[in-house]
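Me: I have a structure to go through with you. Can you take some quick questions on it?

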Amino acid sequence: MYRPFVGVLALVLLLAGCGSASVGGTSADPRPSGSVTASSATDDPPPTPTPSAPPSTPPTAADGTRYSACADGTCEVRVTKEAGVPVPERFGLGPVMVSAISGGTVTLIAPLTRSEFSSDGGCEVSFTGPGAGSSAFAQMTCDSGAKAVVNRMGLQVVHVGDGAAILRISPAA
């Protein structure tokens with residue numbers, strides 16, 4: 001006796017979950033006809049994406065890749081890995097070497113020509129040396145846009161990208 005009843009009950013529950021019921025020719029759905037349901041909203045085509053702005057062109061360095069322009073203490077140059085940028089001895093640093101450009105940062109290494117070193121914290125700085133027969137070196141890792149004063153040299157990282165960085169060097173104020 002339970003088997004036919006259970007089968008009919010399962011069939012009724014199955015049919016009730018499959019769609020809206022209609023009683024006397026009217027829909028049991030209380031929403032007005034033409035209303036949007038979740039299932040009909042997904043049938044609409046997706047909105048057309050708004051075109052994004054074209055990627056910005058990296059700035060151009062005023063002195064290009066002419067590193068010798070930095071020998072007087074004022075320049076703006078585009079550097080790549082292994083570049084050597086001469087700076088005046090009065091800055092308390094030797095030539096600034098680019099050791100890495102990656103992930104929006106540039107890493108610079110410079111020998112110290114004085115026994116003192118100062119930095120305003122615009123870049124992350126670490127030191128090596130001095131050792132027997134060698135001078136000390138400052139290693140500076142700077143983000144794009146960083147400004148730092150190292151000894152008597154003002155350094156601004158104007159831009160980092162595409163394997164190059166633009167450095168602006170000037171006497172510290």
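Me: Which cysteine does a disulfide join to Cys123?
Reply: Cys142, with the sulfurs 2.1 Å apart. Keep in mind that this is a predicted model.

Me: Where do Cys123 and Cys142 lie?
Reply: Cys123 is in the loop between β6 (105-111) and β7 (124-128), and Cys142 is in strand β8 (residues 137-143). So the pair ties together parts that are 19 residues apart in sequence.

Me: What about the handedness of the link between Cys123 and Cys142?
Reply: Right-handed, with 110 degrees about the S-S bond.

Me: Is Cys142 buried or exposed?
Reply: Buried, at a relative accessible area of 0%. Cys123 has 10% relative accessibility, and the cut-off for buried is under 20%, so Cys123 counts as buried too.

Me: How many disulfides does the structure hold?
Reply: It holds 2. Counting bonded cysteines along the chain, the pattern is 1-2, 3-4.

Me: Then what does Cys70 bond to?
Reply: A disulfide joins Cys70 to Cys75, S to S 1.9 Å. The torsion about that S-S bond is about 90 degrees, so the disulfide of Cys70 and Cys75 is right-handed. Both Cys70 and Cys75 are buried.

Me: Switching to strands. What is the bridge partner of Cys75 in β11?
Reply: Ile169. The strands there are β3 (residues 75-80) and β11 (residues 164-171), which pair in the antiparallel sense over 6 bridges.

Me: Which salt bridge does Glu76 form?
Reply: Glu76 pairs with Arg168, and the closest N and O atoms are 2.5 Å apart.

Me: How many salt bridges does the count come to?
Reply: The count is 2. Asp63 forms one with Arg66, where the closest N and O atoms are 3.4 Å apart. Arg66 is partly exposed, at 48% relative accessible area.

Me: Back to β11. How many bridges does it share with β10?
Reply: There are 8, in the antiparallel sense, and β10 covers residues 153-161. Gly154 stands opposite Ser170 in β11.

Me: What does Asp162 do in the hairpin of β10 and β11?
Reply: Asp162 takes a positive phi near 55 degrees, in a hairpin with 2 residues between the strands. That is a positive value in a residue other than glycine. Asp162 is exposed, with a relative accessible area of 71%.

Me: I also want to ask about Glu82. What is its phi?
Reply: Glu82 has a positive phi of about 75 degrees, although it is not a glycine. Glu82 sits in the loop between β3 and β4. With a relative accessible area of 56%, Glu82 is exposed.

Me: On to the open sheet. What is the strand order?
Reply: β4-β5-β6-β8-β7, so 5 strands with antiparallel pairing by the bridge criterion. β4 (84-85) and β7 stand at the edges. Each has a single partner strand, so one side of each is left without a neighbour in the sheet.

Me: How many bridges join β4 to β5?
Reply: There are 2, and the strands run antiparallel, with β5 covering residues 96-102. Val85 stands opposite Val96 in β5.

Me: Last topic: the loop between β6 and β7. What does Asp120 touch?
Reply: Asp120 touches Lys147, Ala148 and Val149, not counting residues up to four places away in sequence. Asp120 lies in that loop between β6 and β7.

Me: How far apart are Asp120 and Asn151?
Reply: They are 9.1 Å apart in space, C-alpha to C-alpha, and 31 residues apart in sequence.

Me: And how accessible is Asp120?
Reply: Asp120 counts as partly exposed, at 49% relative accessibility.

Conventions:
Residues are numbered from 1 along each chain as its sequence is written. This is a predicted model: local features need pLDDT of at least 70, side-chain atom pairs count only at pLDDT 80 or more; totals for chains, interfaces and linings use all residues. Side-chain values use heavy atoms; hydrogens and water are left out. Helices (H or I, at least four residues) and strands (E, at least two) are DSSP runs, numbered from the N terminus. A disulfide is a pair of cysteine sulfur atoms within 2.5 Å. Buried means under 20% relative accessible area, exposed over 50%, partly exposed in between (1.4 Å probe, protein chains only). Contact means heavy atoms within 4.5 Å. A salt bridge is a side-chain nitrogen of Lys or Arg within 4 Å of a carboxyl oxygen of Asp or Glu.
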